[in-house]
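Please go through this structure with a reader who is new to it.

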Amino acid sequence: MGNQVFSVKSIAKSFGSEKDGNYMEVIHDVSMDIAEKEFIVILGNSGCGKSTFLKILGGIEPATAGSMVLNGRDIGTAIPPEELRRFGFVFQSNNLLPWRTAEGNLKLMLQIMKLKGEQWNKRIDEMLDIVGLLDYKSVYPHELSGGMKQRVGIARALVHDPDILILDQPLGALDAITRKMLSYEILNIWKKTQKTIIMVTNNVDEAILLASRIFVFSNKPAVITHEIKVDIPVEERNHQIGQNTRYNQLREEINEIVRAAM
Amino acid sequence: MKKKNKLISFLAPVVSFLLIFSLWEIACTVNEVPTWFLPKPTEIFRSMVVDFPEFWPHILVTFEVVLMGFLIAIPVGLLLASLVTSFPLVNAALSPYITFLVTTPLISLIPLLMLMMGFGLNMRITTVVIQSFAVINMNACTGFNNVPTIRRELMQSMGADPIKTYLKMTLPSAASDIFTGVRLAAIFATTTCISVEYNAGNTGLGSQIIKYSQYLKTTQSFACIFYVTIIGLIMYGLISFAQKKIISWKE
Ligand SMILES: Nc1ncnc2c1ncn2[C@@H]1O[C@H](COP(=O)(O)OP(=O)(O)OP(=O)(O)O)[C@@H](O)[C@H]1O
Ligand SMILES: [Mg+2]
């Protein structure tokens, strides 16, 4: 396996305090080593702490215990501000700012990260093109469909050229057909951009289509119960994947695991 | 179809306006209502034109006080709301005083302010500011407190500093609540200005309304009231225009 770009070691997260009687441990102990260009997928029941885990990885919240290692540097329980540029975060709901056009939403990222110049402006177009929305550059979010909004959200998370893309159930709010279509688009984006991706989903088919490795979380407080390597070559991952024997084996296996965890 | 709708929505108020004033006119004429009791609209409109030179300086004074007070109240209210919602300590320290200002009937403050500042414009503008900044503050606070958590998380994931977060996310998120406050403040400003003029000095439309009604010159009194209405309409128009220019999106 390639270089370790990002490792989390015994991450834990709790909310509240015992004194106030609202103490809640959400993540008990999660460790994973993530290699360059890997596609990690996390599966788990609703409320088990998947979003919480991603927020820690994306620098939105600090962990309560454990540590993270980014490119060989120990950064402790929280992503330092200067390292946030390495991450792009796609939210569970699209989270676009309604007063900015598609282009404006991507531009915000560049403005905040102080990335100026012609090459970055060009990159806005490139990223909107990658998600197939170049023609919708100057359109406001309320004029876009749910799937389109989510695609702008993905383009935004890529525009500053991060190393690691974090996606929190990016397709959760979409209808089945759009969802299927967009999952193939994410696959293509991964192939094209060669990013390291960490994604949460609740859909097993989606997980096997996309993942290099799948981690299954227990119910709250979360620990990793299973780690599954998806040994299907990238070339075989396409619309015909349903006929792949290995795919169907894994599908059986993981569905069994997920059913048992319910 | 759209054009037709526009035409109708323009004509409807014009027609109802004409209807109401015609009824008023007819009622006064048929019942021979004395002018000192309720003048006819045509007489009022005539006075608005004929006595205009006499009214003009007072219109200016009132408009200046309303506009100045209003324009000062907006940044004061916004700044205070921003501080209060960003720093819990400021909130704890100031919220009792803001509540005090909102709940104290303004009339009871006027004699005090007159004592301290005289009858002049400064005192009037101060009163207008005191009375109108609080509604802006309250509505802006609502707006700031209702900013979706997920948007804060977005700014955090980008590593935005507090000032950029405020300018690029918080302020636009709260914009429509802020405008609600601004609209109310315009009403408060006009009402306050007139009630100050009732009580203090002999300039401004409020003082003229009192003066004319004391002399039973009800027609002139009404003309002044109509000019107050026009000032209110101008304020309303300005705010609507600004709101259309600034908030061009849908949530
Ligand atoms: N800021 C917070 N304060 C207190 N509790 C929180 C906070 N954020 C999350 N939690 C709790 O942590 C638990 C896990 O939440 P989380 O959003 O991570 O779940 P999830 O696995 O993403 O679920 P879903 O699949 O429904 O999105 C929930 O019980 C939630 O109530
Ligand atoms: Mg979640």
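This is a predicted model: local features need pLDDT of at least 70, side-chain atom pairs count only at pLDDT 80 or more; totals for chains, interfaces and linings use all residues.

Q: What makes Cys28(B) count as buried or exposed?
A: Buried means under 20% relative accessible area, exposed over 50%, and partly exposed in between (1.4 Å probe, protein chains only). Cys28(B) has 2%, so it is buried. The value for Cys193(B) is 1%, and therefore Cys193(B) is buried.

Q: Which residues come nearest to ligand 1?
A: A residue is near a molecule or strand if one of its heavy atoms lies within 4 Å of it. There are 14 residues around ligand 1, and Ser46(A), Gly47(A), Lys50(A), Ser51(A) and Thr52(A) come nearest.

Q: What makes the pairing of Ser51(A) with ligand 1 a polar contact?
A: A polar contact is a pair of N or O atoms within 3.5 Å; within protein, one must be able to donate a hydrogen and the other to accept it, and residues adjacent in sequence count only if both atoms are side-chain atoms. A polar side-chain atom of Ser51(A) lies 2.7 Å from an oxygen atom of the ligand. For Gln169(A) the distance from a polar side-chain atom to a ligand oxygen is 3.0 Å, and for an N or O atom in the side chain of Lys220(A) it is 2.9 Å. The protein covers 65% of the 640 Å² of accessible area that ligand 1 has on its own, an area found by the Shrake-Rupley method with a 1.4 Å probe; for residues, only the protein chains shown count as cover.

Q: Which element gives the most to the shell around ligand 1?
A: Helices (H or I, at least four residues) and strands (E, at least two) are DSSP runs, numbered from the N terminus. H1(A) gives the most, with three residues. Strand E2 (24–35) and helix H1 (50–57) of chain A each supply at least two.

Q: Why is the pair Asp161(A) and Arg123(A) called a salt bridge?
A: A salt bridge is a side-chain nitrogen of Lys or Arg within 4 Å of a carboxyl oxygen of Asp or Glu, and therefore a distance under that limit qualifies. In this pair the N to O distance is 3.5 Å. Asp161(A) is in the loop between helix H4 (146–158) and strand E7 (164–168), and Arg123(A) is in helix H3 (residues 118–130), 38 residues apart. With 35% relative accessibility Asp161(A) is partly exposed, whereas Arg123(A), with 14%, is buried.

Q: How many salt bridges are counted over all chains?
A: The count is 18. Among them, Arg151(A) and Glu185(A) meet at 3.3 Å, N to O, and both of these residues are buried.

Q: What do Glu197(B) and Arg124(B) tie together?
A: Their side chains form a salt bridge at 3.8 Å, N to O. Glu197(B) lies in helix H9 (residues 175–199) and Arg124(B) in helix H6 (residues 121–145), so the pair ties together parts 73 residues apart in sequence. Glu197(B) and Arg124(B) are both buried.

Q: How many helices and strands does chain B have?
A: Chain B has 11 helices and zero strands. Of its 251 residues, 41% count as buried.

Key
Residues are numbered from 1 along each chain as its sequence is written. Chains are lettered from A and ligands numbered from 1 in the order in which they are written. Side-chain values use heavy atoms; hydrogens and water are left out.
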